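Q: Hi! I have a structure open here and would like to talk it through. Could you help me find my way around?

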Amino acid sequence: MAQHINLQLGWPSPSLFPASQLLNSASEVLQSPKKTSAALIYGPDAGHQPLRQAIASWLTSIYLPKESISFERICISNGASANLENILAKFTEPGYTKRIWMIEPSYFLACPIFTDAGFEGRLRGVPEDEEGLDVEFLRSNLQRVDAEEQQETPKLKTGARYGHLYKHIIYAVPTFANPSGKTMSLRRRCELVKLAREFDALVVTDDVYDVLRWSEKEDAGPCDLEPVPPRIVDLDRTLDGGPQHEWGNAVSNGSFSKIIAPGVRTGWAEATPAFTLALSQVGATRSGGCPSHLAATLVYEMIATGSLENHIVNNLIPTYRSRYYAMFRAIKEHLIPLGFRVSTGKPYEASPTSNGETNGHSKKVEVAGGYFTYITTPEDLPISVAELAALALEKYDLKFAYGSMMTVEGDEESAERASRGFGNGIRLCWAWHIEEEIREGIQRLATLTIGLRAN
Ligand SMILES: Cc1ncc(COP(=O)(O)O)c(C=O)c1O
């Protein structure tokens, strides 16, 4: 039994790394002079073309869009985090781009990426609701900011290198969100696309957990699930006749970190062909070639041989599913009686959109997945959640992420909303520990809470 239990860490446990599959891929590449010379030279700006093609086919099989996804929509990245920085470098200018809107509770590690890109003081939270985000809040704030700040031309990024700079960025994790675990409804996804078009905003989504999914009900066992919800980028491709201009208003940030291993530092972006081409021309890539090129050639072998799919279906999903059920059983047994509550929002339900698109989603589905869940603490907890976290670490060697960490950096209103709502939450991750340790971690939290009440 682990002494230290870390339910904060959003990392896959090392026992889940597909080392032998990567070794086979490396042998395949490095024992072939032809593949070796392609893998060890500077990579093409948009990335290893076989991988772009393989990702395009794989995404087509997952999201089932009406028209298959072409490889020109895909470029290879060195992960979702680094790619976010590239997106900002190529498509924003602080000042001309007025605000970064982040759904809160937010993926807090994205905040410094925006700050490094020059957006300090321009990050704003958008409250999450049961369906994913408060669209009316976002609309009225976009209107207000546009009325107050009217810099209509870029000052610095004026050359031909910058085909389009957006006036706003909206950042979201629509499926199995980090940290809330919520999945945005189809209705909200469509509303977001429309809003982005209206306000010249780019919706950047980290779609990094979508394929890690299983039935919410333990007794359902492995079963056929409804198709994965369409990404915002899928909807921007089709909604109301498709993108309003060649750049579109959405980009999907994909990653192999959660489905192979974070150390492979390989991901992809999907957007319109013009957008991905421009993204692949970011200065560092023009000089150094596609990032993560060697790793990208290994990832390609894993997809081409079917070993990635096999790993996801036969290793990752069964393991995460069991850990998820273990966590939820322990929460029900130990925390719910103490007044903790689980809140993962309204179950994803597809309903026809204004143009009748459902992408095959018509039935109510109760799906769980990803890495995280968010629980709220009992109302009568005698101390703050930050103090609870500090005590848990000090007395029980238990670590977890808590609500006030998830505020949007520099946004006082977000901090204020946290103090009234999501700040009382705890994010728990089931990806790092085995079932027994997860149960033990939840029990330690319950014991601590009981002790506090007794004092
Ligand atoms: C929402 C979200 N985006 C991005 C990342 C990091 O992705 P990558 O490893 O591809 O940089 C994570 C990892 O925790 C995440 O949860």
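Predicted model: local features only at pLDDT ≥ 70, side-chain atom pairs only at ≥ 80, totals over all residues.

Q: Good. With that naming, where does Met184 sit?

A: Met184 is in the loop between β5 and α7, the latter covering 186-198.

Q: Buried or exposed, that Met184?

A: Met184 is buried, because its relative accessible area is 2% and the cut-off for buried is under 20%.

Q: And what does Met184 contact, leaving aside its neighbours within four places in sequence?

A: Its contacts are Ile103, Glu131, Gly132, Leu133, Ala172, Pro174, Arg189, Leu192, Ile232 and Tyr348.

Q: How far is Met184 from Lys346, C-alpha to C-alpha?

A: The separation is 8.5 Å, although Met184 and Lys346 are 162 residues apart along the chain.

Q: Let's zoom out. Which domains does the assignment give?

A: Domain 1 is made of 5-15 plus 308-454, and domain 2 covers 18-307. Taken over C-alpha atoms, the centres of domain 1 and domain 2 are 24 Å apart.

Q: How many residues are in contact between domain 1 and domain 2?

A: On the domain 1 side 52 residues are in contact, with 66 residues of domain 2. The area buried between the two domains is about 5,100 Å², and carbon and sulfur atoms give 58% of that.

Q: What about salt bridges and polar contacts across that interface?

A: The rule finds three salt bridges between domain 1 and domain 2. There are also 21 residue pairs in polar contact between domain 1 and domain 2.

Q: Which elements give two or more residues to the side of domain 1 that touches domain 2?

A: Those are α12 (307-335), β11 (367-369), β12 (372-376) and α14 (412-420). The most comes from α12, with twelve residues. By class, that side of domain 1 has 21 nonpolar, 19 polar and twelve charged residues.

Q: Since α12 came up, what about Leu335?

A: Leu335 lies in helix α12, and at 0% relative accessibility Leu335 counts as buried.

Q: New topic: how many salt bridges are in the whole structure?

A: The search finds 26. As background, side chains of opposite charge can pair when their charged atoms come close.

Q: Can you walk me through a few?

A: Arg144 forms a salt bridge with Glu148, and the closest N and O atoms are 3.4 Å apart. Arg144 and Glu148 are four residues apart in helix α6 (residues 135-148), so about one helical turn separates them. Arg144 is partly exposed at 37% relative accessibility, whereas Glu148 is exposed at 52%.

Another one is Glu152 with Lys167, where the closest N and O atoms are 3.4 Å apart. Both Glu152 and Lys167 are in the loop between α6 and β5 (168-172), 15 residues apart. Glu152 is partly exposed at 46%, while Lys167 counts as buried at 17%.

Q: What about Glu216 and Lys217?

A: That pair forms a salt bridge too, with the closest N and O atoms 3.5 Å apart. Glu216 is partly exposed at 33% relative accessible area, and Lys217 is partly exposed at 44%.

Q: Which residues are linked in a network of salt bridges?

A: Arg73, Arg231, Asp234 and Glu270 are linked that way.

Q: Tell me about Glu270, then. Which strand is it in?

A: Glu270 lies in strand β9, residues 267-270. Glu270 is buried, with a relative accessible area of 0%. A polar contact of 2.8 Å joins its side chain to that of Arg231.

Q: What else does Glu270 touch, beyond residues up to four places away in sequence?

A: Besides Arg231, Glu270 touches residues including Leu59, Ile69, Arg73, Ile74, Val233 and Ala250. Val251, Ser252 and Thr276 are also among them.

Terms used:
Residues numbered from 1 in each chain as written. Heavy atoms only, no water. Domains from an automatic or database assignment. Contact = heavy atoms within 4.5 Å. Buried area = accessible area lost by both parts, 1.4 Å probe. Salt bridge = Lys/Arg side-chain N within 4 Å of Asp/Glu carboxyl O. Polar contact = N/O pair within 3.5 Å; in protein donor to acceptor, adjacent residues only side chain to side chain. Nonpolar A, V, L, I, M, F, W, Y, C, P; charged D, E, K, R; others polar. Buried < 20%, exposed > 50% of the residue type's maximum accessible area, 1.4 Å probe, protein only.
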